[in-house]
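Subject: Structure handover and notes

Hello,

Here is the structure you asked for, with notes on what turned up in it. Please read the notes with the model open.

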Amino acid sequence: MSIVVETIESDERGLLVTCPHCGKPNRMNYERLGHAFRCGQCHDNLPPIGEPVEITSEPSFYALIGRSALTVVADFWAPWCGPCKMVAPELAKIASEGSGRWVVAEINTEELPGLAQRFGISAIPTMVLFKAGREIARQAGSLPAAGIRQLIQQAG
Ligand SMILES: [Zn+2]
């Protein structure tokens with residue numbers, strides 16, 4: 001059994017979202033996350049980020065944690081890891097709750113082993129919270145959505 005969680009793409013400047021009104025791709029710059037964004041084409045308001053963000057490169061991740069105006073909840077996972085599959089839908093719930101308050105980022109440690117090494121990830125899943133470029137909390141092992149929410153709130 002596998003649960004497919006929708007994710008948002010990212011690059012070195014921001015999150016890539018498709019306007020639900022006109023279908024135009026837009027970039028939400030990391031610096032302005034948490035603010036209102038308007039579609040560049042139809043000028044309608046874009047909905048806040050409510051899904052996990054898929055990290056596809058090391059520079060994208062460093063840009064996100066370094067520049068994001070919001071707390072970043074980074075989930076280090078791997079495709080072969082059973083507990084990671086259980087935590088994915090919980091993180092999706094947290095992402096949907098957080099819209100505009102925090103951002104959930106997914107790091108596949110098989111594809112980005114350099115990040116796992118850089119942040120000293122020795123077990124997966126591991127969640128690391130970042131604010132203004134600094135690590136503010138860390139939790140190894142899977143957690144239900146309530147536990148993740150508590151971790152975020154305690155970290156402030
Ligand atoms: Zn639009």
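A residue is called buried here if its relative accessible area is under 20%, exposed if over 50%, and partly exposed in between. The model is a predicted one, and every value below was computed from it.

**Cysteines**

By that cut-off cysteine 39 is buried, because its relative accessible area is 1%. Cysteine 22 has 32% and is therefore partly exposed.

How many disulfides does a search of the whole structure find? The search gives 1. A disulfide is a covalent bond between the sulfur atoms of two cysteines. In this model the bond is formed by cysteine 81 and cysteine 84, whose sulfur atoms lie 2.2 Å apart. The torsion about their S-S bond is about 85°, so the disulfide is right-handed. Cysteine 81 is buried, with a relative accessible area of 4%, and cysteine 84 is buried with a value of 4%.

**The sheet of 5 strands**

There is an open sheet of 5 strands in the order β6-β8-β7-β9-β10, and its pairing is mixed. The edges are taken by β6 (53–54) and β10 (134–140); each has a single partner strand, so one side of each is left without a neighbour in the sheet. β6 pairs with β8 (residues 102–108) in the parallel sense, over 2 bridges. Within that pairing, valine 53 stands opposite alanine 105 of β8.

At the other end of the strand order, β10 contains alanine 137. Alanine 137 has a relative accessible area of 14% and is therefore buried. Leaving aside residues up to four places away in sequence, alanine 137 touches Met127, Val128, Leu129, Leu151 and Ala155. Alanine 137 and valine 73 are 64 residues apart in sequence, while their C-alpha atoms are 9.2 Å apart in space.

**The sheet of 3 strands**

Another open sheet is made of 3 strands in the order β1-β2-β3, with antiparallel pairing. Here β1 and β3 (25–29) stand at the edges with a single partner strand each, so one side of each has no neighbour in the sheet. β1 and β2 (residues 14–18) run antiparallel and are joined by 2 bridges. Serine 10 stands opposite leucine 15 in β2.

**Helix α1**

Helix α1 (residues 58–67) lies across β7 (71–77), β8 and β9 (126–131), and runs at about 150° to β7. Its buried residues are Ser60, Phe61, Ala63, Leu64 and Ile65.

**Aromatic residues**

A search of the whole structure finds 7 aromatic pairs. One of them is phenylalanine 61 with phenylalanine 130: the ring centres are 5.8 Å apart and the planes at 80°, so the pair is edge-to-face. Phenylalanine 61 belongs to helix α1 and phenylalanine 130 to strand β9, so the pair ties together parts that are 69 residues apart in sequence. Phenylalanine 61 is buried at a relative accessible area of 0%, and phenylalanine 130 is buried at 2%.

Tyrosine 62 and phenylalanine 119 form another pair; their ring centres are 6.1 Å apart and their planes at 35°, so this pair is tilted. The two residues come from distant parts of the chain, 57 residues apart: tyrosine 62 is in helix α1, and phenylalanine 119 is in the loop between α3 (113–118) and β9. Is tyrosine 62 buried or partly exposed? Its relative accessibility is 32%, so tyrosine 62 counts as partly exposed. Phenylalanine 119, at 10%, counts as buried.

**Charges over rings**

Arginine 118 lies over the face of phenylalanine 119, 4.7 Å from the ring centre. Elsewhere, the charged end of arginine 32 sits over the ring of phenylalanine 37, at 5.1 Å from its centre.

Regards

How values were computed. Residues numbered from 1 in each chain as written. Predicted model: local features only at pLDDT ≥ 70, side-chain atom pairs only at ≥ 80, totals over all residues. Heavy atoms only, no water. Pairing = 2+ DSSP bridges. Helix = DSSP H or I, 4+ residues; strand = E, 2+ residues; numbered from the N terminus. Contact = heavy atoms within 4.5 Å. Axes fitted to C-alpha atoms, helices over the stretch in contact; angles between N-to-C directions. Phe/Tyr/Trp six-rings, centres within 6.5 Å; stacked < 30°, edge-to-face > 60°. Buried < 20%, exposed > 50% of the residue type's maximum accessible area, 1.4 Å probe, protein only. Lys NZ or Arg CZ within 6 Å of the ring centre and 35° of its normal. Disulfide = S-S within 2.5 Å.
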